[in-house]
Amino acid sequence: MKEQILSTRQLCVGYASKAKTSKVLENLNLTLGRGELTCLLGPNGSGKSTLIRTIANIQKPLEGETWLNGARLLEVSAKQLARQLALVLTDRVSPGNLTSYALVALGRFPYTSWMGNLTEGDKKIIRWALEVTGTLPFADRHIGELSDGERQKVMIARALAQQTDLIILDEPTAHLDSPNRIEIFHLLKSLAREANKAILLSTHDIESAIGYADRLWLVHSHSVEEGTPEDLVLKGKLEKAFAREGLVFNHELARFEKPLVLPGLEVEVEGAQPGVTWTKRALQRAGHQIAEGEAQIVIRVNKHKETWTWTLDAKSFKTVEELLKQLDNLYGNEMD
Ligand SMILES: Nc1ncnc2c1ncn2[C@@H]1O[C@H](COP(=O)(O)OP(=O)(O)OP(=O)(O)O)[C@@H](O)[C@H]1O
C-alpha cells in the first residue's frame, strides 16, 4: 500500500449562499498516494475544479474533511500548506512582466526569508526545476512571450521548485497540441515515480489519462469513483460516466467513438500493418462494414511493394483515396 499523502472523509463539495446550498459532489472518500499519478476525469461541469479548489483549501467544503500528511487540512497553516501542496491553476496565469526564472523562483517563497533572498540551495533547486521540465533554454524570456505549452511547463517548474509532496494541477494540458499534451503527461508521470510525489491532475484527455495514470478519480453520479484505469474501464464505469446516446468505448483504441451509420459494402482487409489499420479506418468512415471472412470484397494491403490490390475483377489502387473512389463507384453500380 502506497503511503497516503492526502485523503478525504465523507467530503461534500459545492456552493453555499444565504439563499441556497448546491452540493456538486458528495460522499467522497478518496486518497492520493506517494509516487502515483492520479487523473481526475469527468464531463464538463461535473465538479472537477470545485473538488480541486476544495482539497487545495481555497474553497470551504460543505461537509466532511480532507487530511493532508496526517493533519486536518483546515488546521494546516498557510505557510505549512505551501510547503506541502503546490497548486497549478492553468487558466489563471497572468503573464505579468516576470521572466520564466523569476516565476520559478517564486516557488521558493515558502522557504525564503521575508526579504525573499535566494540562497545557493534555493538557486540549485530552481535550476533543477528548470532543467527537469526542459524550460532552462527560455529561463530569461518573459512569460508573456512564451507559447501555451512552454508557459505550462514553466508553471510546472514553479510547482517543483516549491518542493512539496503533493502537486495538484487543474487542466494542465488544456489548449495544448497532442505532442505537448503527451510530453506533459510523460513529465508528470516520471516526476511522480522518480521524485516520489503524489500528483493529481484534472483533464479532458481521456486517452492520455488512461495511458499514463496509475489511478483515476472518475466523476460519476455526483460522486467520484477511484481505481486503476483498467478496472474502471472493465467495470463499465468510464462508459457510464461519459454516457451519451450512440457513444461507445472502443477498447482496442482506448477512446470514445460515435460510429457512423452509413450504407456501404461489406469488406475484409488483409495484409501488412500499419496499412491494414489505416485502410480499415478509411473504409469505416466511408460507411463500409469491416467483416472477417465471407465478405463481398477482400482488400489486400501490401505496404512494402506499394501495390495494394482488391479482389473482384483484380482492381488495384495505390492510395486509400483511390480505393475509396473505386468502392464508391462499385457501390453506386450495385444500387442501380
Ligand atoms: N462560483 C460558483 N457558484 C455556484 N456554482 C458554481 C460556481 N462555480 C461553478 N459552479 C457550478 O458547479 C458545477 C461544477 O463546476 P466545475 O467548474 O467544478 O466543473 P468542471 O468539472 O471543472 O467543469 P469543466 O470540465 O467544464 O471545467 C457546475 O454546475 C457549475 O455551474
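Visitor: What makes up the shell around the ligand, by class?

Guide: In this predicted model, the shell around the ligand has two nonpolar, seven polar and one charged residues. Gly counts among the polar residues and Lys among the charged ones, and the residues that surround the ligand include Gly 42, Gly 45, Gly 47 and Lys 48. Tyr and Val count as nonpolar, and Tyr 15 and Val 24 also surround the ligand.

Visitor: Which helix gives the most to that shell?

Guide: Helix α1 (residues 48-55) does, with three residues.

Visitor: How do you know that strands β1 and β2 pair?

Guide: Pairing asks for at least two bridges between two strands, and five bridges join strand β1 (residues 4-16) to strand β2 (residues 21-28), therefore the two count as paired. The strands run antiparallel, a hairpin of four residues joins β1 to β2, and Gly 14 stands opposite Lys 23 in β2.

Visitor: Why is the span of helix α6 said to agree with what it should be?

Guide: At 1.5 Å a residue, the 17 residues of α6 (residues 178-194) should span 24 Å, and because its end C-alpha atoms are 24 Å apart, the two values agree.

Visitor: What makes residues of α6 buried or exposed, and which ones are they?

Guide: A residue is called buried if 20 or more other C-beta atoms lie within 10 Å of its own, and exposed if 12 or fewer do. Arg 181, Ile 184, Phe 185, Leu 188 and Ala 192 are buried in α6. Seen down the axis of α6, these buried residues fall within an arc of 95°, so they line one face of the helix. Pro 179 and Glu 194, on the other side of α6, are exposed.

Note on methods: Residues numbered from 1 in each chain as written. Predicted model: local features only at pLDDT ≥ 70, side-chain atom pairs only at ≥ 80, totals over all residues. Near = placed C-beta within 6 Å. Expected span 1.5 Å × (residues − 1). Arc of directions from axis to C-beta.
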